[in-house]
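Please examine the sequence and the three-dimensional structure shown below. The paragraphs that follow lead through the helices and the contacts between them.

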Amino acid sequence: MLQQSPIFVKTFDIVKWIIKTTEKFPKSQRFFIAKRINDAIFDFYEILVEAAVKKDCNLRELLKDADSRLIRLRHYVRLAMELGYLSFKQYEYAIKEMEEIGKLLGGWMKKRPS
């Protein structure tokens, strides 16, 4: 299920892209901005997995938490671009992908309002 669901496919793809991209940040920023970005995307992905597999959870709260993490990720990516660690083209790509993921997340939230 997880491997076929569009939100998991898109998120997995952006996780791979973020890992490859943040590896190229200056050494001085790998444990600061790059770490924040990586932690945010992994936290987001882990919450999605938890929401998908746990039967006895408050799904709505998990999805709201995931949405909050996605918003944080967007801000970290913007900061990285403004500091010159991402090109504007990379930033556009990341934001476009995160917008699509956000729409999928919103659809999930509407589908399962519990």
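Which residues does T22 touch, not counting residues up to four places away in sequence? T22 touches R30, A34, I37 and N38, where contact means heavy atoms within 4.5 Å. The place of T22 is in helix α1; helices here are DSSP runs (H or I, at least four residues), numbered from the N terminus, and strands are runs of E of at least two. T22 has a relative accessible area of 6% and is therefore buried. The term buried stands for under 20% relative accessible area, exposed for over 50%, and partly exposed for what lies in between, with a 1.4 Å probe and protein chains only.

The model is a predicted one, in which local features need pLDDT of at least 70 and side-chain atom pairs count only at pLDDT 80 or more, while totals for chains, interfaces and linings use all residues. Residues are numbered from 1 along each chain as its sequence is written, and side-chain values use heavy atoms, with hydrogens and water left out.

The description now turns to individual helices. Helix α3 has 21 residues, and its first and last C-alpha atoms are 31 Å apart, close to the 30 Å expected at 1.5 Å a residue. The expected span of a helix is 1.5 Å times one less than its number of residues. The buried residues of α3 are I33, A34, I37, N38, A40, I41, F44, I47, L48, A51 and A52. Their cover includes α1, α2 (27–30), α4 and α5.

Helix α4 (residues 59–82) has 24 residues and reaches 35 Å from its first C-alpha to its last, close to the expected 34 Å. Within α4, L59, L62, L63, A66, L70, L73, V77, A80 and M81 are buried, and these buried residues pack against α1, α3 (33–53) and α5. D65 also belongs to helix α4, but D65 counts as partly exposed because its relative accessibility is 28%. Between D65 and L48 there are 9.5 Å in space, C-alpha to C-alpha, although the two are 17 residues apart in sequence. G84, whose phi is positive, near 90°, follows α4.

Helix α5 has 24 residues as well, and reaches 34 Å from its first C-alpha to its last, close to the expected 34 Å. Buried in α5 are Y91, A94, I95, E97, M98, I101, G102, L105, W108 and M109, and what covers them includes α1, α3 and α4. G107 and L63 are 11 Å apart in space, C-alpha to C-alpha, and 44 residues apart in sequence.

How do the helices pack against each other? Two packed helices are described by the angle between their axes and the distance between the axes. The axes are lines fitted to C-alpha atoms, for helices over the stretch in contact, and the angles run from 0 to 180 degrees between N-to-C directions.

The axes of α3 and α4 come within 9 Å and cross at roughly 160°, which means that α3 is roughly antiparallel to α4. Angles over 145 degrees count as roughly antiparallel, under 35 as roughly parallel, 65 to 115 as roughly perpendicular and the rest as oblique. By class, the residues of the contact divide into 18 nonpolar, no polar and five charged. Ala, Val, Leu, Ile, Met, Phe, Trp, Tyr, Cys and Pro count as nonpolar, Asp, Glu, Lys and Arg as charged, and the others, Gly among them, as polar.

Helices α4 and α5 pack at an angle of about 170°, with their axes 10 Å apart, and are therefore roughly antiparallel. The contact of α4 with α5 has 16 nonpolar, one polar and six charged residues.

The axes of α1 (residues 6–22) and α5 (residues 88–111) come within 10 Å and cross at roughly 155°, so α1 is roughly antiparallel to α5. The crossing of α1 and α5 is left-handed.

Technical notes: Left-handed = near helix turned anticlockwise from the far one by under 90°.
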